[in-house]
Amino acid sequence: AQIPENHLFTPDNGIVIGVFALMGEDAFSVAPAAYPVSIIPPAQAAPKQVKLLRDAGADIVIALTHSGITEDRRLASETEGIDIILGGHYHYKTAKPEIINNTIIMHSGYFLQHMGKLELAFDVATGSLRILNDEHNTPYFTRLDSTVEEDPEIAALIDKYGIFLNKFIKSYTGSLVSDFNEIVICSEFPLVKEYQKTETTTGNFITDAMRLMTGELLGKPVDIAFQANGIIRGDILPGTTEWSKGKITFFDLASVSSVGMGPDMSPGYPLVSFHLTGENVFNLLEIASLLQLVLGDTFFLQFSGLRYSYDPGKALWLTIPLLDIPVPAYRSVINAELYTGENVQSEDMFREIEKCDETLYHMVSDYHLASYLPVVGELLPRLKIVPRNQEGKPFEDIDQTIVKHNGQEFKVWEAIVRYALSFEKNKDGIPTLPSLYKHTQNRIMMKDEAIPLYLWSYALIVLLPAMGFIMVRWSIIKIRKKRRDREKSD
């Protein structure tokens, strides 16, 4: 069936409301498996949809966007006729609605933690909207927790689809887990992800699961696993109510890394296994340093089996003013060390990886993230990364690197659940999260070793014209002096 471009509906008050939806360019850029789907740039799509809805009789036009607050602000400032933008993508919650170019912008956070509410008055004569929340003491957001009663109709739908989900989970995991509400593990502390551009306990736990469970499945050790913050969807939080205290369900674990799908079209990105030279490992770390500066926390990488230190001030020479083009310096990574102990990265057992090391290291990541590696090499040839098999022969296609288990893709979420179930059990027979995950482990160390390179670059940009002016001035003075000397001698 064809997806409609927009929708009109009329509530009991008789006001005609038109709705259209947009995916932002940033959101689309991190969906490499979107083909054959493409998007029309929002700057082109929005005016067209506004006109179609207004021509069809819409009194109020609402844009539902998956673009992020930055693009939504730009959309509001550049597009006439949008009354309300209700957006997402950045996991951002507006303290209160923003108003730009008479457009109301509201983001309600993520994970259904809050329900946003706008109370509005519509002026039929002028077609304008006025927010009434503050006048009527109506909160903009309502916290959605156990104090909010279930809606019977929604609860029935959840039960209905829960049956299908449980059948899938049981089948895919070989009856390892059979219910999405099943208690898988218990913990006295949370695993936290929501710290920007830094090592996190959630990142350590997930990458350890990827490394160790893939190694166990393949029957050979994995040296390094890496995952991006953008694919780690949140914290892992133990229950806090009387009946759930300290307990973590399958859903709690799987939901932090269940986004996307692989070629098999089943939920979750599969794990991929390949080898990189030591030189390529350094390139990967340099890319990690560079991308998180240019593109933000989404591309900050978490690691297992490795620890390294870097100086973010040496990642870029500068960003060209006005054009906003970064100029890489390729100098940020200070050192990298491979973990040589067994199993969990808990002991101080490391050996240094040399920058020009041609040793092959067994790597694990996910299908989504690995698909970016060739693209980086095309944009920045100096940081080219070549995934290889264990004999050192380059893979021709990323699909060749997908890890399989019982003939099906081995998913990141499955590795996490299997890892959790491997822990020592408490007196109630429930695996318990080890205390080593209560804190981070200095796997990623940011060091400011010197003056950032961009300061030297900008200083040079400022000094060159000044030096040029001084040289020209000095030359003029010298020429004048010679002329006076000649006049005197004559």
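The dialogue below looks at salt bridges and surface patches in a predicted model.

Reader: How many salt bridges does a search of the whole structure find?

Author: A salt bridge pairs a side-chain nitrogen of Lys or Arg with a carboxyl oxygen of Asp or Glu within 4 Å. In this predicted model, searching the whole structure gives 13 salt bridges. One of them joins the side chains of Lys96 and Asp134, with N and O 3.3 Å apart. Lys96 sits in the loop between strand 4 and strand 5, and Asp134 in the loop between strand 9 and strand 10, so this pair ties together parts that are 38 residues apart in sequence.

Reader: Which residue forms a salt bridge with Asp264, and is that partner, Lys411, buried or exposed?

Author: The closest N and O atoms of Asp264 and Lys411 are 3.0 Å apart, and the pair links distant parts of the chain, 147 residues apart. A residue counts as buried under 20% relative accessible area, so Lys411, at 0%, is buried, whereas Asp264, at 32%, is partly exposed. Together with Glu409, Asp264 and Lys411 are linked in a network of salt bridges.

Reader: Which residues gather in a patch of negative charge on the surface, and which form a nonpolar patch?

Author: The negative patch brings together Glu150, Asp151, Glu153 and Asp159. Glu150 lies in the loop between strand 10 and helix 4, and its relative accessibility of 64% makes it exposed. The nonpolar patch consists of Ile154, Leu157, Ile158, Tyr161 and Phe164, which together have about 520 Å² of accessible area. Ile154 belongs to helix 4 and is partly exposed, at 45% relative accessible area.

Key. Residues are numbered from 1 along each chain as its sequence is written. This is a predicted model: local features need pLDDT of at least 70, side-chain atom pairs count only at pLDDT 80 or more; totals for chains, interfaces and linings use all residues. Side-chain values use heavy atoms; hydrogens and water are left out. Patches are made of residues with over 30% relative accessible area and no salt bridge: like charges are joined within 9 Å, nonpolar side chains (Val, Leu, Ile, Met, Phe, Trp, Tyr) within 5 Å. Accessible areas come from the Shrake-Rupley method with a 1.4 Å probe; for residues, only the protein chains shown count as cover. Lys and Arg count as positive and Asp and Glu as negative; His and the chain ends are not counted. The place of a charge is taken as NZ of Lys, CZ of Arg, CG of Asp or CD of Glu. Helices (H or I, at least four residues) and strands (E, at least two) are DSSP runs, numbered from the N terminus. Buried means under 20% relative accessible area, exposed over 50%, partly exposed in between (1.4 Å probe, protein chains only).
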